[in-house]
Amino acid sequence: MKPFAHLESHALPLLADDVDTDQIIPARFLKTIDKAGLAEGLFAEWRKDPKFVLHKPEHAGAQILIAGRNFGCGSSREHAPWALEAGGFRAVIALGFADIFRGNATRNGVLPVALAPEPHAALVSAVQANPKIEIEIDLENERVKWNGCTATFPIDEFAKHCLVQGIDELGYLVAYADRIRAFERRHDLESLASGEEATS
């Protein structure tokens with residue numbers, strides 16, 4: 001996945017609570033384990049409405065999605081962050097996330113940013129006043145900045161490391177392959193030595 005350390009973009013405000021994974025990408029789009037083409041399924045039911053926020057030209061190209069509480073609830077489908085990434089979103093700023101979605105998102109290069117209510121409301125107001133306002137997300141320092149305002153957000157240190165490096169759990173383990181092999185060789189030699197002592 002792409003490394004994520006810093007992002008500057010305008011945002012698309014989807015100001016709803018409890019947006020579940022079936023609303024993010026309906027079940028009929030889950031017939032594939034390939035990420036290709038999943039952008040078509042992103043918010044597919046809502047996009048039938050010509051007034052849906054995703055159709056507004058001022059939000060075109062936004063890489064940040066702003067949502068309400070409990071974003072990503074519902075089933076544990078990994079296709080939800082896949083679809084968000086395919087739709088061009090690198091981060092979701094919300095008041096909170098479903099636990100499984102949060103894990104799936106970070107493992108797939110989509111940063112979940114949980115803000116406290118006050119800065120979240122201030123950010124929403126700023127975006128509503130100026131849809132093209134630039135929002136800066138500084139993952140390494142765990143900060144969001146806009147219009148001279150700054151807010152902090154929490155993130156698991158391991159998830160942060162993987163996002164910054166652009167790796168998932170498997171990629172993390174692969175980076176330690178030489179150490180793992182060395183440990184296995186040492187363990188095999190110790191086991192062999194113990195066996196020889198037992199039979200002598």
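The questions and answers below walk through a predicted model of one protein chain.

Reader: How many helices and strands are in the protein chain?
Author: The model is predicted. Its chain has 200 residues, and 40% of them count as buried. The secondary structure comprises 7 helices and 8 strands.

Reader: What share of the contacts between residues at least 6 apart in sequence joins residues at least 24 apart?
Author: Contact here means heavy atoms within 4.5 Å. Take the contacts in the protein chain between residues at least 6 apart in sequence. The share that joins residues at least 24 apart is 69%.

Reader: Which strands are the edge strands of the open sheet?
Author: The open sheet has 4 strands, in the order S1-S6-S7-S8, with antiparallel pairing. An edge strand pairs on one side only. The twist from one strand to the next averages 15°. The edge strands are S1 and S8.

Reader: Which residue in S8 is the bridge partner of arginine 143?
Author: Strand S7 covers residues 143-146. S7 pairs with S8 over 4 bridges, in the antiparallel sense. The bridge partner of arginine 143 is threonine 152.

Reader: What angle does the direction of helix H4 make with that of S7?
Author: H4 covers residues 117-129 and packs on the sheet. This helix touches S6, S7 and S8. Its direction makes an angle with that of S7 of about 35°.

Reader: Which residue in the turn between S7 and S8 has a positive phi?
Author: S7 and S8 form a hairpin. There are 2 residues between them. The phi in question is about 45°, and the residue is asparagine 147.

Reader: Is serine 9 buried or exposed?
Author: Serine 9 sits in strand S1, residues 6-9. Its contacts beyond four places in sequence include Gly61, Ala62, Ile64 and Ile133. The relative accessible area of serine 9 is 4%. Under 20% is the cut-off, so serine 9 is buried.

Reader: Which residue's backbone nitrogen does the side chain of serine 9 reach?
Author: Serine 9 is in contact with Gln63, among others. The side chain of serine 9 comes to 2.9 Å from a backbone nitrogen. That nitrogen belongs to glutamine 63.

Reader: What is the relative accessibility of isoleucine 66?
Author: Isoleucine 66 is in strand S3, residues 64-66. Its contacts beyond four places in sequence include Leu12, Leu14, Ile93, His120, Leu123, Val124 and Ile135. Isoleucine 66 counts as buried, with a relative accessibility of 0%.

Reader: How far apart in space are isoleucine 66 and leucine 95, C-alpha to C-alpha?
Author: In sequence, isoleucine 66 and leucine 95 are 29 residues apart. In space, their C-alpha to C-alpha distance is 9.1 Å.

Reader: What covers the buried residues of helix H3?
Author: H3 covers residues 99-107. Its buried residues are Phe101, Gly103, Asn104, Ala105 and Thr106. Just after H3, glycine 109 takes a positive phi of about 80°. The cover over those buried residues includes H1, H2, S5 and H5.

Reader: Which residues do ring pairs link into a cluster with Phe43?
Author: The structure holds 6 aromatic pairs. One of them joins tryptophan 46 and phenylalanine 52, with 5.9 Å centre to centre and 55° between the planes, and is tilted. Tryptophan 46 is partly exposed at 26%, whereas phenylalanine 52 is buried at 9%. The residues linked with Phe43 are Trp46 and Phe52.

Reader: Why is the pair of phenylalanine 97 and phenylalanine 101 stacked?
Author: Phenylalanine 97 is buried, with a relative accessible area of 6%. Phenylalanine 101 is buried too, at 3%. Their ring centres are 6.2 Å apart. Planes under 30 degrees apart count as stacked, and these planes are at 10°, so the pair is stacked.

Terms used
Residues numbered from 1 in each chain as written. Predicted model: local features only at pLDDT ≥ 70, side-chain atom pairs only at ≥ 80, totals over all residues. Heavy atoms only, no water. Phe/Tyr/Trp six-rings, centres within 6.5 Å; stacked < 30°, edge-to-face > 60°. Buried < 20%, exposed > 50% of the residue type's maximum accessible area, 1.4 Å probe, protein only. Polar contact = N/O pair within 3.5 Å; in protein donor to acceptor, adjacent residues only side chain to side chain. Pairing = 2+ DSSP bridges. Axes fitted to C-alpha atoms, helices over the stretch in contact; angles between N-to-C directions.
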